[in-house]
Amino acid sequence: MAASYQINIPPIGAVDVYESRQCRRVTLRVGAGGVVRVSVPPLTTPKLIYEFVQANLEFIRKSQEKIDKSQPTHIFTSQENFSTKNHTLSLSPTAKDNRFHGKVSSGIIDVVYPPDVKEDDGQLQNFIRKAIAAALKVESKQYIIPRISTLAKKYGFSYNKLDFRDMTSRWGSCDTRGRICINIHCMRLPDHLIDYVLLHELCHTIYHDHQSGFWAKMEEVCNGMAKKYDKELNKYHTRY
């Protein structure tokens, strides 16, 4: 069953809302990838949904953490030569003040840490991920802002706002007001799949579900390759 629509609920982000006549009350579950899905009776107000999700934030947080822990964790090392599209990770155990330092500039993600900290240290690894996220956000703004503008003009779409986030479960979202949010990890995808994600969210400015009208439009703007790209995208994930 396709979501009826999405709403943005801080601090969760985009929440899938399913309307059903068989639904007698508002219910919530956390699905694959940590996606929050709310089932509601018809005519349930966004305010009620918002309040219900806010009341269940602790359950959502624990459920998403459980899902995250079940995913393999990547350990960044100085021997790995990790790179994004435009930046290369540099790890240097030369900090003299017992602190972590990070800087993104001139194509380098520069992380400096104390000499007595091992590379697999959990705090260091989290800091590295934040530094990489900062680089991905820079790249997202540089690449995606002009690219989505080009695609929107080419296919006659319009949107009200564009934002970027480090999301754990989805590549992008679009609410009923035409506000699009793109996962910064899209910058780790091949260019044609970045276009697919952008077109997917642009199509949601017209169709707020994943039913036949939406997919017909997707096939039109993707030159008949939408389902193929969707299947290919499933081979990637938003975590490292």
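1. Two strands count as paired when DSSP finds at least two bridges between them. Strands (E, at least two residues) and helices (H or I, at least four) are DSSP runs, numbered from the N terminus. With that in hand, strand 6 and strand 7 (residues 108-112) are joined by five bridges and run antiparallel. Within this pairing, Val-104 stands opposite Ile-109 of strand 7.

2. A word on the model, before you read on. It is predicted, so local features need pLDDT of at least 70 and side-chain atom pairs count only at pLDDT 80 or more, while totals for chains, interfaces and linings use all residues. Residues are numbered from 1 along each chain as its sequence is written, and side-chain values use heavy atoms, leaving out hydrogens and water.

3. Now the sheet as a whole: three strands make an open sheet with mixed pairing, in the order 5-7-6. Strand 5 (88-92) and strand 6 (101-105) are the edge strands, each pairing on one side only. On average, neighbouring strands are turned by 15° against each other, direction ignored.

4. Helix 3 (residues 122-155) packs on this sheet and touches strand 5, strand 6 and strand 7. Its direction makes about 155° with that of strand 7; axes are lines fitted to C-alpha atoms, for helices over the stretch in contact, and angles run from 0 to 180 degrees between N-to-C directions.

5. Do also look at Ile-49, in helix 1 (residues 46-55). Ile-49 has a relative accessible area of 0%, so it is buried (under 20%, with a 1.4 Å probe and protein chains only). Leaving aside residues up to four places away in sequence, Ile-49 touches Tyr-5, Ile-7, Ile-9, Val-17, Val-38, Val-40 and Thr-44, where contact means heavy atoms within 4.5 Å.

Methods: Buried means under 20% relative accessible area, exposed over 50%, partly exposed in between (1.4 Å probe, protein chains only).
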